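Please consult the sequence and the model as displayed below.

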Amino acid sequence: MNSRTAIAPLAPDAPQADARRPIHPLWMRITHWLNALAVVILVTSGWRIYDAAPFFPFTIPTVVTLGGWLGGALQWHFAAMWLLVFNGLVYLALNIASGRLFTKFFPLTPRGVLQDALAALKGKLSHADPRHYNSVQKLAYLFVMLDLIVIVLSGLVLWKSVQFPVLRELMGGYESARRVHFFGMAAIVAFVVVHLVMVALVPRTLLTMIRGGTPKA
């Protein structure tokens with residue numbers, strides 16, 4: 001009886017305590033912005049590297065590339081690569097250790113994705129509670145995580161092809177790995193564009209990523 005009496009008063013306060021908790025913890029915000037910085041540097045320097053030996057009948061305008069020349073672009077690219085790898089590992093490890101990866105992104109079903117996608121196209125997808133992701137957001141963020149892994153692995157083939165022969169062969173050879181790397185980059189760029197559009201439509205999502213925020217912020 002005494003144990004029940006001691007525990008009972010805590011129950012009503014639990015939802016309130018959860019509501020006061022930041023939507024995005026500090027570690028998540030820091031790793032998010034570092035990942036964003038790494039991706040911007042990797043993409044823009046990667047465009048300059050691509051221009052040095054294009055395999056499609058087009059090049060990227062120099063004004064949006066980083067590095068100035070091939071050697072400079074490679075230096076920026078490698079620096080951002082290490083930032084992405086180490087920061088990405090910290091991000092993934094903390095997401096798993098805190099349980100956030102599973103609570104935020106699962107469960108995820110094809111039916112849920114289809115329903116939310118149709119609702120989004122009709123302009124009826126609710127953003128009332130930024131603490132919870134809809135199915136389309138879950139799928140998009142999980143895809144980005146997997147895409148970044150593919151980009152890193154294909155980048156290893158391009159950087160140290162001889163040292164990673166099995167990985168090179170799994171990707172169909174060096175030239176095929178170049179294309180995997182390029183299309184992985186294109187997917188990230190497409191995600192960033194859509195992500196920025198959604199932020200423009202729901203500006204408070206940016207505020208919560210900067211200061212943590214609460215559903216009432």
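Where is the place of Pro-107? Pro-107 is in the loop between α5 and α6 (110-121). The peptide bond that leads from Phe-106 to Pro-107 is cis, its omega being near 0°. Most residues other than glycine have a negative phi, and most peptide bonds are trans.

The model is predicted, so that local features need pLDDT of at least 70 and side-chain atom pairs count only at pLDDT 80 or more, while totals for chains, interfaces and linings use all residues. Residues are numbered from 1 along each chain as its sequence is written, and side-chain values use heavy atoms, with hydrogens and water left out.

**Overall architecture**

The secondary structure comes to 10 helices and 0 strands, where helices (H or I, at least four residues) and strands (E, at least two) are DSSP runs numbered from the N terminus. Of the 217 residues, 35% count as buried, that is, under 20% relative accessible area with a 1.4 Å probe and protein chains only (exposed is over 50%, partly exposed in between). Among contacts (heavy atoms within 4.5 Å) between residues at least 6 apart in sequence, 68% join residues at least 24 apart.

**Helices α4 and α9**

The 29 residues of α4 should span 42 Å at 1.5 Å a residue, and its end C-alpha atoms are 41 Å apart, which agrees. The expected span is 1.5 Å times one less than the number of residues. Helix α9 has 28 residues and reaches 41 Å from its first C-alpha to its last, close to the expected 40 Å.

Buried residues of α4 include Gly-71, His-77, Leu-84, Asn-87 and Tyr-91; the buried residues of this helix pack against α3, α5 (100-105), α7 and α9. After α4 comes Gly-99, whose phi is positive, near 85°. In α9, the buried residues include Arg-178, His-181, Gly-184, Ile-188 and Phe-191, and what covers the buried residues of α9 includes α3, α4, α7 and α10 (204-211).

| Glycine | Helix | Relative accessible area | Partner | Sequence separation | C-alpha to C-alpha distance |

Not counting residues up to four places away in sequence, Gly-184 touches Asp-147 and Ile-151. With that same exclusion, Ile-188 touches Val-39, Val-144, Asp-147, Leu-148 and Ile-151.

**The largest nonpolar core**

A nonpolar core is a set of buried Ala, Val, Leu, Ile, Met, Phe, Trp, Tyr and Cys residues joined through side-chain atoms within 4.5 Å. Of the 28 residues in the largest such core, Val-39, Leu-84, Phe-105, Met-145, Leu-148 and Ile-188 touch the most other members. Helices α3, α4, α5, α7 and α9 each supply at least two residues of this core, and α3 gives the most, with 8 residues. In soluble globular proteins, nonpolar side chains tend to be buried together.

**The second largest pocket**

On a 1 Å grid over the protein atoms alone, a pocket is an open set of points where a 1.4 Å probe fits, with protein on both sides within 12 Å along at least five of seven lines; lining residues have an atom within 4 Å of a point. Grid points are joined across faces, edges and corners, and a volume is the space filled by probe spheres set on the points.

The second largest pocket has a volume of about 710 Å³. Of the 29 residues that line this pocket, the closest to its centre are Gly-46, Ile-49, His-77, Leu-158 and His-181. The elements that give two or more residues to the lining are α3 (26-52), α4 (70-98), α7 (135-159) and α9 (174-201), and the largest share, 8 residues, comes from α3. The lining divides into 24 nonpolar, 4 polar and 1 charged residues. Here Ala, Val, Leu, Ile, Met, Phe, Trp, Tyr, Cys and Pro count as nonpolar, Asp, Glu, Lys and Arg as charged, and the others, Gly among them, as polar.
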